[in-house]
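Open your viewer and load the model. We'll go from stop to stop, selecting a few residues at a time.

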Amino acid sequence: MGRKFVVGGNWKMNGNKSQICDIVSFLKTGPLNPETEVIVGVPAIFLDYVRVNLPENIAIAAQNCYKVAKGAFTGEISPDMIKDVGVNWVILGHSERRQIFGETDELIAEKIAHALESGLKVIACIGETLQEREAGKTEEVVFRQTQAIACKIKDWTNVVVAYEPVWAIGTGKTASPQQAQEVHRALRQWFCDHVNASVGESIRIQYGGSVTAANCKELAAQPDIDGFLVGGASLKPEFVNIINAKQ
Ligand code: PEP
């Protein structure tokens, strides 16, 4: 069975209702390749607003959630709350959460496990820093991050992995299609060896890091790249071209 191409937008901490109307408008105008699954990652405060305004063929993701259902965790939101406003995805483990907010492999894995148990689908982000890449540690790092998740979950059906080299996020420096493909292939092999062949074959691995309309087609042509997670360009009309990269 083929892997459905999946493109996520990560708005990060950007936008207001007026800018959201512009984004909703270019997404509605499209046209969007119906063969591609589209998910937009929205700031928590706008999840409800965006769900009401976007057509159902576009899924919505929260950009974070906590590892338990409810309680005294000021400022956090739970998977149940996300689902309650009609949203069924969450992005977890983004490098900004890891680096700026100090989220560990273990916490991220706990959040992923709880989100899945609660019925959310997860975009699980992994990726190495420039220092780690230059030290030849790319595979070691992404395997360690993935292993931490594998220790806490058994079923990968509702997980999309986003390989996002930290040095490529928001920097304008994209991994070359060959660099990205090399890591994606290694990750798929890791899943075959450490989970099972069926997960290795079926798991979708997105590439993220300065994807634009100009570079998306060549990346999308790589055999182990199953979609993108897009930051800056997901706020602009060129996001439609990225969604349609396979056309
Ligand atoms: C991201 O935030 O996940 C990302 C890949 O950002 P950008 O596309 O801006 O590099």
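**Starting at a loop**

Select Lys 12 to begin: it sits in the loop between strand 1 and helix 1 (helices, H or I with at least four residues, and strands, E with at least two, are DSSP runs numbered from the N terminus). Lys 12 is not a glycine, yet its phi is positive, about 55 degrees. At 18% relative accessibility, Lys 12 counts as buried; buried means under 20% relative accessible area, exposed over 50% and partly exposed in between, with a 1.4 Å probe and protein chains only.

Some ground rules before moving on. This is a predicted model, where local features need pLDDT of at least 70 and side-chain atom pairs count only at pLDDT 80 or more, while totals for chains, interfaces and linings use all residues. Residues are numbered from 1 along each chain as its sequence is written, and side-chain values use heavy atoms, with hydrogens and water left out.

**Helix 1 and what follows**

Now pick Ile 20, in helix 1 (residues 17-29). Ile 20 is buried, with 1% relative accessible area. What does Ile 20 touch, not counting residues up to four places away in sequence? Show Trp 11, Phe 46, Tyr 49 and Val 50 to see those neighbours; contact means heavy atoms within 4.5 Å.

Next, select Gly 30 and Pro 31. The peptide bond from the former to the latter is cis, with omega near -10 degrees. Pro 31 belongs to the loop between helix 1 and strand 2 (37-42).

Zoom in on Phe 5 and Phe 228, an edge-to-face pair at 5.6 Å centre to centre and 90 degrees between planes. Phe 5 is in the segment before strand 1 (6-10) and Phe 228 in strand 8 (residues 227-230), so this pair ties together parts 223 residues apart in sequence. Both ends are tucked away: Phe 5 is buried at 6% relative accessibility, and Phe 228 is buried at 0%.

Then take Tyr 163 and Tyr 207, a tilted pair, 6.4 Å centre to centre with 55 degrees between the planes. Tyr 163 lies in strand 6 (residues 159-163) and Tyr 207 in strand 7 (residues 204-208), so parts 44 residues apart in sequence are tied together. Both tyrosines, Tyr 163 and Tyr 207, are buried.

For a cluster, select Phe 143, Trp 156, Trp 190 and Phe 191, which are linked by ring pairs.

**One more loop, then zoom out**

Gln 222 is in the loop between helix 10 (216-220) and strand 8. Gln 222 is buried at 15% relative accessible area, and touches Pro 177 and Gln 181, leaving aside residues up to four places away in sequence.

Finally, show the whole protein chain: 11 helices and 8 strands. Its C-alpha trace spans about 45 × 45 × 35 Å along the principal axes. Of its 247 residues, 54% count as buried.

Definitions and conventions. Phe/Tyr/Trp six-rings, centres within 6.5 Å; stacked < 30°, edge-to-face > 60°.
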